[in-house]
Amino acid sequence: MRRIYDRFCAVEVFVAKGLAVAIAALVLCSAIARTFHHPVNWAVDAAAFLFAWCVFLSGDIALREDRLVSIDLFVKKLPARVQFYVQIVNWILIIAFLAALVVFGLWLSYTIRFRTFQGIPGFSYTWVALSVPVGSMLMLITAILKVKGQFSAGGRRKEQRAA
C-alpha cells in the first residue's frame, strides 16, 4: 500500500509541476497575442482553472514535505511532552478544517454546476470548484498520516526512554 501511495505522490508532483508550466506558458502566449492585437479570450479562464488545481495539489505536496510556514518559536521552548500535545491539537484543528472544506467544497461544486466560464462557453465552473474538495481530501489524507506518524514517533521515544 505504501508503494502505491508513494507512486501517487510522485504523479501528484509531476501534475502540479506540469500545471505550473502550463499556466506560465498560457499567460505568456496570451500576453504576446494581446500585444499583436489578437487576444486569446479563453486564456484567462483556462489559467484560472489550472491555477486552482495547481494550488491545491501543491498545498498537499507542501504539507506532506513539511514545507508550510510555521512559527514555532514559543512551542520549541516547551517540554517535549507538551510540544507533542500542542502538535496533536494543531493537527486535529487542521483535520477538522480540511473535512469542512471537503463537505462545503462538494456542496459548492454542486450548486454552481450551471455556471460556465465567460471565455469558455459550455465549460462548467464546477471543474474549478472541485479542486477544493479534491485537494482538501488529499491534504486530509496527508494530515491523518502525519498524526499517525507522530503517534508512532511518540511510541518510539517512550520505548527509548524505558530502555
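How many aromatic pairs does the structure hold?

## Aromatic pairs

The structure holds five of them, where rings of Phe, Tyr and Trp (its six-membered ring) pair if their centres lie within 6.5 Å, and planes under 30 degrees apart count as stacked, over 60 as edge-to-face and the rest as tilted. This is a predicted model, in which local features need pLDDT of at least 70 and side-chain atom pairs count only at pLDDT 80 or more, while totals for chains, interfaces and linings use all residues. Residues are numbered from 1 along each chain as its sequence is written, and side-chain values use heavy atoms, with hydrogens and water left out.

One of the pairs joins F84 and Y85 edge-to-face, at 5.4 Å centre to centre and 75° between the planes. F117 and F123 are stacked, because their ring centres are 5.5 Å apart and their planes at 25°.

Burial here follows relative accessible area (buried under 20%, exposed over 50%, partly exposed in between; 1.4 Å probe, protein chains only). F84 is buried at 15%, whereas Y85 is partly exposed at 47%. Likewise, F117 is buried at 4%, and F123 is partly exposed at 25%.
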